[in-house]
Amino acid sequence: MTHPAPVHLQTRELFRLDERTILISGGAGAVATSVGESILESGGDAVFIDMVPAPKPETWKSIQAIAAANGTRASYYQLDVQDASNVDPVFDKIRPTLRFPLRGLVACAGISGESDACDYPVDAFRKILDVNITGTFLITQAVAKEMHRAKVTGSIVIVASMSGWNSNKGINTSAYNASKSALHQLARSLAAEWGHPQNTFLGSTPSELNPNPSNEPRAIYPPIRVNTLSPGHIDTPISEAARVRGLTSEWSKQNMLGRISQAAEFRAPVLFLLSDGSSYMTGADLRVDGGHCAW
Ligand SMILES: NC(=O)c1ccc[n+]([C@@H]2O[C@H](COP(=O)([O-])OP(=O)(O)OC[C@H]3O[C@@H](n4cnc5c(N)ncnc54)[C@H](O)[C@@H]3O)[C@@H](O)[C@H]2O)c1
C-alpha cells in the first residue's frame, strides 16, 4: 500500500508543522537556532539536542519567547552524537515529554577541520568522519525508530554542504568534504529503505560482520522521506577563522550572488523539506549555494 498524496491540503498549509515534533541535532549552533525558531513559528514543537550542556542563555530566551508567542514548545537535551550508548537513554527521556509525535529531524550537528592532506593527523580525520557521518546516522536511526514506533510518516533533513559536491577553493578540508559527500549517499540509502517496503528484497545475506541477519519479512511502516540540504558558505562562527584570513571575501567572488549566505536563508528550504509541501521529494539534495556549484 502506498501512502496517499496530501492533495487536499490548502496552499497555506503546505509549510505548516502543526501537531508534530521536530528534533534538531547540533541544536545550539547557528543554523539550528535560526531553523529551530522558524519551526516553532510554523506550528511545530522543537527538541534541540547538542553536545554542549546548554544553549547560550540569550539564545534560549529568544527561542522560548518565540515558542510562547506561537503556542509551541521548545526543549533542550545534551547529547554527543558520537556517543552511541547514550542515544537510546536520551530518547527515552524525550519520549514521555512530547505532546505530538516526532515527525521530523534536522540533522545539523557537524564539525570541520583544516589540514593539508599529506599532514592530516589520522585521529582528526577520523573524528570528523565519526561526528559527521556516524553521528548523523545514529540520530537518523533513532528518529526513524521513533517514527516507526508511533506509526507516523516523517521527514528527515540531513544538513550536508555544497562541499559534498565540490572542493572549496583556498581551504584544505578533505575530511569534511568527504564526510558531506557521504551524507548525500547516506540520505539516498536511507530514503530507499524507509520509503516503501517494496524497496528491499526479503532476507539478507550473512556476512562476517553480520553472521545472523534477520530473515523476518520487513514490517510495514508509514513512509519516512530523507533528503539532504547542501548550503553554500554561511556567515556563522564556523566561518570566523576563514574571515580573519580574508577567505570569506574570496568566497563571495566565487558565487553568482556576490556574497556568502546568512543562517536565516536556510529557514524556508528546511521548512519546505520538513513539511508536506515536499511530499513527493525523497532521496534528493537541495543545494542552496548562491550558484557557487553551478559556475
Ligand atoms: N557554516 C557554514 O559555512 C556551513 C556551510 C555548509 C554546511 N554547513 C553545515 O551546517 C551545519 C550547521 O553548521 P553551523 O554553521 O550552524 O555550525 P555551528 O558550529 O554553529 O553548529 C554546529 C553545532 O553542532 C554541535 N556539535 C558538534 N559536534 C557535535 C557532537 N558530536 N554531538 C552533538 N552536537 C555536536 C556544535 O556544538 C554546534 O552547536 C553543519 O553540519 C555544517 O557542516 C555549514
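The secondary structure of the chain, taken from a predicted model, comprises 8 helices and 7 strands (DSSP runs, with at least four residues of H or I for helices and at least two of E for strands, numbered from the N terminus). The radius of gyration, at 19 Å, is close to the 19 Å given by the globule rule for 295 residues, so the chain is as compact as a globular protein of that length (C-alpha atoms; 2.2 Å times the number of residues to the power 0.38). The C-alpha trace spans about 55 × 55 × 40 Å along its principal axes.

Of the 295 residues, 45% are buried (under 20% relative accessible area, 1.4 Å probe, protein chains only). Carbon and sulfur atoms contribute 55% of an accessible surface of about 15100 Å² (Shrake-Rupley method, 1.4 Å probe). Among contacts (heavy atoms within 4.5 Å) between residues at least 6 apart in sequence, 76% join residues at least 24 apart.

Within strand β5 (residues 154–159) lies S155, which counts as buried at 2% relative accessibility. The side chain of S155 reaches the backbone oxygen of L273 at 2.6 Å, a polar contact being a pair of N or O atoms within 3.5 Å, one able to donate a hydrogen and the other to accept it. Leaving aside residues up to four places away in sequence, S155 touches R103, G104, L105, M147, R225, L273 and L274.

Residues are numbered from 1 along each chain as its sequence is written, and side-chain values use heavy atoms, without hydrogens or water. Local features require pLDDT of at least 70 and side-chain atom pairs pLDDT 80 or more, whereas totals for chains, interfaces and linings use all residues.

Methods: Buried means under 20% relative accessible area, exposed over 50%, partly exposed in between (1.4 Å probe, protein chains only).
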